[in-house]
Amino acid sequence: MQDFTKSWDNKSVPRVVAIINQKGGVGKTTTAVNLATALAAIGKNILVLDLDPQGNTTTGFGISKGRGLQSSYGVLLGLVNPREVVLETYISGLSIISSTIDLAAAEIELFSQKDRDQKLKQSICNLTEYDYIFVDCPPGFGLININALNASNKIIIPLQCEFYALEGLAQLFNTIQSIRNTINKNLIVSGILLTMYDRRNGLSLMIANDVRTHFKNLVFNTIIPRNVKISEASSHGKPVILYDVRSVGAISYIELAREFLSRELK
Ligand SMILES: Nc1ncnc2c1ncn2[C@@H]1O[C@H](COP(=O)(O)OP(=O)(O)O)[C@@H](O)[C@H]1O
Ligand SMILES: [Mg+2]
């Protein structure tokens, strides 16, 4: 297997981190919202780019979805200056480019364009004022996600501890490998994040062990447990860290932020 932790160029700015898994409902958005919040809380300057037409990251910060070009749609297609569509959130140091339902058409619109896999990279590569840009990706392997993988330095892969998890992961790593071999040789994996872990369920433990055996230290030590406060928080338009900082969900995302930063130093 390739070493997915090694990059040719580890010093590029801004650091763009895609949160990706072709499956829906595995914790991508929850991870984008809460990792971004935890890093902003310790003084990092963060931008979150919501590339999912469902817009759950946008609403997860209590922001209404954007319209037309004033959103990640305009940024993805290179039709607006991203700085003009960045929205401040109520969290200091955390900004967002919101999603819009128009994104659903972007795959088709991109298809006929010459640099169709380079568009996002061209749009966001000059946003050097941010320490990190987190890209919340939609499910699937369409052109939106190819753009996200091309524009990113790193990826975080949330993985729900369920039966078919490993199968999907093999497919995702094949895609990452072909991206590294072609359009983005600098793409590296920051880590696989086990999410919605249920310690009362033997299957969760079995899957977690399997993933660790196979992917070793590519897997974050931090595990995100299944925690009702996390889903409650998102229905209130808040990161769980602000909704209930003492909950196990909040504590584990704060721990993840620490581990993420410690991996940055290696
Ligand atoms: N650790 C968790 N514990 C409980 N519910 C969670 C957890 N992580 C995510 N959820 C809930 O599961 C659903 C799917 O999560 P989400 O982050 O939106 O996944 P994705 O972005 O991969 O589709 C959401 O309703 C979210 O609130
Ligand atoms: Mg999502």
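Which residues of helix 4 (residues 103-111) are buried? In this predicted model, they are L103, A106 and L110. These residues cover an arc of only 20° around the axis, and therefore lie on the same side of helix 4. On the other side of helix 4, I108 and F111 are exposed. The cover over the buried residues of helix 4 includes helix 3 (72-76), helix 5 (119-124) and helix 6 (143-151).

The model contains an open sheet of 8 strands with mixed pairing, in the order 3-4-2-5-1-6-7-8. Strand 3 (87-88) and strand 8 (219-225) stand at its edges with a single partner strand each, so one side of each has no neighbour in the sheet. Strands of a sheet pair through backbone hydrogen bonds, in either a parallel or an antiparallel sense.

| Strands | Sense | Bridges |
|---|---|---|
| Strand 7 and strand 8 | parallel | 3 bridges |
| Strand 2 and strand 4 | parallel | 4 bridges |
| Strand 3 and strand 4 | antiparallel | 2 bridges |

Strand 3 and strand 4 form a hairpin, with 5 residues between the two strands. In the turn, G93 has a positive phi of about 85°. E88 has S95 of strand 4 as its bridge partner, while V48 is bridged to I96 of strand 4.

Are the faces of strand 4 (residues 94-97) covered or exposed? Both faces are covered. L94 and I96 on one side are buried, and so are S95 and I97 on the other. In a regular strand the side chains alternate between the two faces of the sheet.

Most residues other than glycine have a negative phi. M196 is not a glycine, yet has a positive phi of about 50°. This residue is found in strand 7. M196 counts as buried because 22 C-beta neighbours lie inside 10 Å, and the cut-off for a buried residue is 20 or more.

K216, also a residue other than glycine, has a positive phi near 45°. K216 is found in the loop between helix 8 and strand 8. Is K216 buried or exposed? With 8 C-beta neighbours inside 10 Å, K216 counts as exposed, because the cut-off for that class is 12 or fewer.

## The surroundings of ligand 1

How many residues surround ligand 1? The number is 17, and the closest are K28, T29, T30, I230 and S231. By class, the shell around ligand 1 consists of 4 nonpolar, 11 polar and 2 charged residues. At least two residues of this shell come from each of helix 1 (28-41), strand 7 (188-197) and helix 9 (228-235).

Technical notes
Residues are numbered from 1 along each chain as its sequence is written. Chains are lettered from A and ligands numbered from 1 in the order in which they are written. This is a predicted model: local features need pLDDT of at least 70, side-chain atom pairs count only at pLDDT 80 or more; totals for chains, interfaces and linings use all residues. A residue is near a molecule or strand if its C-beta atom, placed from the backbone, lies within 6 Å of it. Ala, Val, Leu, Ile, Met, Phe, Trp, Tyr, Cys and Pro count as nonpolar, Asp, Glu, Lys and Arg as charged, and the others, Gly among them, as polar. The arc is that of the directions from the helix axis to the C-beta atoms. Two residues are in contact if their C-beta atoms, placed from the backbone, lie within 7 Å. Two strands pair if DSSP finds at least two bridges between them.
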